[in-house]
Amino acid sequence: MLRKLLFQQASTARRLLSAQSTAPLLNKCSVCSYSSSSQSEIPQTNSIEQIEDQPTKTISIDRSGLYNPSEHSHEPSSDSELVKHLKGIIKFRGGPISVAEYMEEVLTNPKAGFYINRDVFGAEGDFITSPEVSQMFGEMVGVWAMCLWEQMGQPKRVNLVELGPGRGTLMADLLRGASKFKHFTQSLHIHMVECSPALQKLQRQSLQCMDEDNTSEGVEKRITSTLAGTPVSWHAALEQVPSGLPTIIIAHEFYDALPIHQFQRASHGWCEKMIDVTEDSLFRFVLSPQPTPATLYLMKRCKWAVPDEIKKLNQIEVCPKAMDLTHTLSKRISADGGGALIIDYGLNGVVSDSLQAIRKHKFVDLLDNPGTADLSAYVDFACIRHSAEEASDDVSVHGPITQSQFLGSLGINFRVEALLQNSTDEQAESLRTGYWRLVGDGEAPFWEGPDEQVPIGMGTRYMAMAIVNKKQGIPVPF
Ligand SMILES: C[S@@+](CC[C@H](N)C(=O)[O-])C[C@H]1O[C@@H](n2cnc3c(N)ncnc32)[C@H](O)[C@@H]1O
C-alpha cells in the first residue's frame, strides 16, 4: 500500500484523492541512483576549448551557391526552432554566447522557451516542487504571510505578489487556508509575476478566477479569485506591479530559474564559460579569452566573499539577475513596507558549479536538445543578503534557515495531525509521505519500494530567507 501511494502523482496527494499516476517524482535537486548528474556530463576543464584569437582576414563572398544548397548542411533539419534560434544568434553574432544568455533563451524564449508553452510540473512533467507535493506547503506560507501582515499593523490594502507561480498551486492553497481570516484576505490584491502564457492560464484555473461583470465604460475589467474573493492581476516583471501599497512578495523556486554566468579559473585569471557551435553543428563549451561584461558582477561577488572562500574554487557562478531583482524588491519593500520570502535550494555562500538540466525527472546533459529540459542553478543566499543590504538601509535580512526549520516553526506538525484526523488510510499515507518530503532529509527511511524510486526529502536542501522593512521587526519564524 505504501509503495502504491508513494507513486501517486503529487497533486493527487495534495487533494487527498485516489491514485492517478505511477511515475516516480523527483524534486529539482534530487540526485537518485538512476539519474546521472549533469555535472558529470559537462565537459571537464580540459575539454573546454579556449576561443582562439582569429587573425584579421579579407573576406570574399561567393554567392554562386546561394540557390544550390550543398548536400552536406551544417544545420540539420531536425533542429527544433529554439536550437535553430540559438545557433542563429551564435552565427550572426560571430561568436559564442554566455551560459546566462543560453539559459535565458532556453527557459523563457517567448516562442519556444521551456516554460512558455506547457505544464512542466508533476509526474507527467519534468520535475516536482514543494507546493505540488502537499497543500501544507502553501498553507504554511500563508501563515507566514498573515503573521507579517499582523506585524505590518493589519493594513487595509496589501499587494501580495508571487514571482514565478508555476501552476498557481501555492497561491491557491494559501488563499484556501487563509479564507477564514477575512480581514486578511479582504485586504489582498494578488499579483502573479509570470512570463509563461500557458502557466498564466493554469494559474487562473487554480485560483478559480472569474471576470467581474463590469460593463461600465472606462473601467478596467477586474479578475477575481473565487477562493477568497480577492482581485488578481498578471505581470511579466516585478517592476510592472503597481507600487504605493504595503507589499508581501513570495518567491518559491524563482531565483533558481534566473540565468547564471559561469566562470572558470585559467592560468591567466578567471575566464567566462561560453557556448559555441562546432563545425558539426553541435553545441560545445568554450572559454572566453578576455574579460566579458559579466566579469564586473564576478568582481562584485568576490568582494562580498568571506576570506579564503574563493581561493579553493576553480569555478564560480554569478547571477546578475538575482542581484538586480533583489535590489528592485528591497527598494520596493523599503518604500512601501512589507517583506519578501525567498525559498529555494542553494547555499549560504559562493556557488561553484551547480547548473543542472532535468527532463522527465532525470538529469540530462545541459547542451542536449535545449528547450526540452529544465535548467536551474543553486541560489547564492549570501549574495541575496548583500544585494538587499546594498540596496537599502531600511530593510533587514533574516536567514537562510532550512525548509524543515521554517515549516516546523510555523506549525506543519500540527497541521498534518489535524488533516490526519479526518483522512482515510490511503489519504493518511499520502499525507505522511508529503509531510516527509517537505521536511525530511535524505532518503525516506520508511521506503519499501525499489531503491531507484526512493523519495528524497527536501527539508535541508531547501532554504528560506526573508527580507523585510525594518519597521516590521523580526519576521516569524526567523
Ligand atoms: C521552477 S518554476 C517554480 C514554480 C512554482 N513557484 C512552484 O514552486 O511550483 C519557475 C517559475 O517561474 C517562471 N519564470 C521563470 N523565469 C521567469 C521570468 N524571467 N519572469 C517571469 N516568470 C518566470 C516560470 O514560468 C515558472 O512559473
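## Around the ligand

By class, the shell around the ligand holds 10 nonpolar, 6 polar and 3 charged residues (Ala, Val, Leu, Ile, Met, Phe, Trp, Tyr, Cys and Pro count as nonpolar, Asp, Glu, Lys and Arg as charged, and the others, Gly among them, as polar). Of these 19 residues, Y115, T129, G164, G166 and C195 come nearest; a residue is near if its C-beta atom, placed from the backbone, lies within 6 Å. Helices α5 (99–108) and α6 (130–133) each supply at least two residues of the shell; helices are DSSP runs of H or I with at least four residues and strands runs of E with at least two, numbered from the N terminus.

This is a predicted model, where local features need pLDDT of at least 70 and side-chain atom pairs count only at pLDDT 80 or more, while totals for chains, interfaces and linings use all residues. Residues are numbered from 1 along each chain as its sequence is written.

Next, a helix pair. The axes of α7 (residues 135–151) and α15 (residues 412–421) come within 11 Å and cross at roughly 130° (axes are lines fitted to C-alpha atoms, for helices over the stretch in contact, and angles run from 0 to 180 degrees between N-to-C directions). That makes α7 oblique to α15, the class left after under 35 degrees (roughly parallel), over 145 (roughly antiparallel) and 65 to 115 (roughly perpendicular).

M136, E139 and M140 of α7 meet I412, R415 and V416 of α15, with contact meaning C-beta atoms, placed from the backbone, within 7 Å. These residues divide into 4 nonpolar, no polar and 2 charged.

## A three-stranded sheet

In an open antiparallel sheet, 3 strands run in the order β15-β14-β16; strands pair if DSSP finds at least two bridges between them. β15 (362–364) and β16 (374–376) stand at the edges with a single partner strand each, so one side of each has no neighbour in the sheet.

Key. Contact = placed C-beta atoms within 7 Å.
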